[in-house]
Amino acid sequence: EYLEKAKMIDSNDINLILLESNIRWEMGEVDMYQSLISKALEIEPNNVDLIFNLGVVNADKGNYDKAIEYYNASIEMDPSYTKAYLNAAALILEKEGAIIEEMNSLGMTTADYNRYDELKIERENLYRSAIPYLEKVYELENDNLNAARTLRNVFSALGDVQSENRYKTIVADLENK
């Protein structure tokens with residue numbers, strides 16, 4: 001009620017728009033949240049947090065390609081914006097679950113073996129596409145244990161022993177701090 005009264009005074013007040021967007025988000029009104037963030041971007045087109053938040057909304061709605069676009073736009077605006085790198089990597093790696101599930105469901109036929117090989121390549125490509133994001137996170141935050149662990153695991157799955165060992169050492173050092 002008070003928010004509506006305040007909006008009557010200045011409907012383009014960025015702080016009011018952001019306050020309402022946060023309330024809408026908490027209420028589960030994702031479409032309204034997205035609309036308000038888009039309105040806020042019209043007022044502040046270079047606000048990296050707003051662009052990042054559109055990535056989060058699209059990821060939550062299952063619009064993965066659009067989410068990656070917003071994360072990349074955030075990164076382009078602010079190359080040190082680690083949240084965007086982390087979310088992009090997480091979104092990419094999220095696809096791994098469905099691939100592994102299908103791999104585990106395959107039988108013993110020649111077609112199944114061939115499909116398994118296709119899925120293995122798809123999974124490896126997924127890992128490779130997440131690596132640059134994770135490496136940038138670690139470059140920007142060399143105390144980020146989660147990024148280092150994920151890189152260790154990704155390189156292990158790819159059979160890159162040299163990189164895996166590098167991150168094993170980094171993880172061990174970070175865990176002992």
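## Helix H4

In this predicted model, the 13 residues of H4 should span 18 Å at 1.5 Å a residue, and the end C-alpha atoms of H4 are 19 Å apart, which agrees. The buried residues of H4 are Val48, Leu50, Ile51, Phe52, Leu54, Gly55, Val57, Asn58 and Ala59, and what covers them includes H2, H3, H5 and helix H6 (82-94).

## How H4 meets H5

H4 packs with helix H5 (residues 64-77) at an angle of about 165°, and the two axes are 7 Å apart. Angles over 145 degrees count as roughly antiparallel, and H4 and H5 are therefore roughly antiparallel to each other. Their crossing is left-handed. On the H4 side the contact is made by Val48, Ile51, Phe52, Leu54, Gly55, Val56, Asn58 and Ala59, while H5 contributes Tyr64, Lys66, Ala67, Tyr70, Tyr71, Ala73, Ser74 and Met77.

## The two sides of H3

Helix H3 (residues 30-43) has 14 residues, which at 1.5 Å a residue should span 20 Å, and its end C-alpha atoms are 20 Å apart, in agreement with that expectation. Within H3, Tyr33, Gln34, Leu36, Ile37, Ala40 and Leu41 are buried. These residues cover an arc of only 165° around the axis, which puts them on the same side of H3. An α-helix has 3.6 residues a turn, so residues three or four places apart point the same way.

Asp31 and Glu42, on the other side of H3, are exposed, whereas the buried residues of H3 are covered by elements that include helix H2 (14-26) and helix H4 (48-60).

Terms used. Residues numbered from 1 in each chain as written. Predicted model: local features only at pLDDT ≥ 70, side-chain atom pairs only at ≥ 80, totals over all residues. Heavy atoms only, no water. Helix = DSSP H or I, 4+ residues; strand = E, 2+ residues; numbered from the N terminus. Expected span 1.5 Å × (residues − 1). Buried < 20%, exposed > 50% of the residue type's maximum accessible area, 1.4 Å probe, protein only. Arc of directions from axis to C-beta. Contact = heavy atoms within 4.5 Å. Axes fitted to C-alpha atoms, helices over the stretch in contact; angles between N-to-C directions. Parallel < 35°, antiparallel > 145°, perpendicular 65-115°, else oblique. Left-handed = near helix turned anticlockwise from the far one by under 90°.
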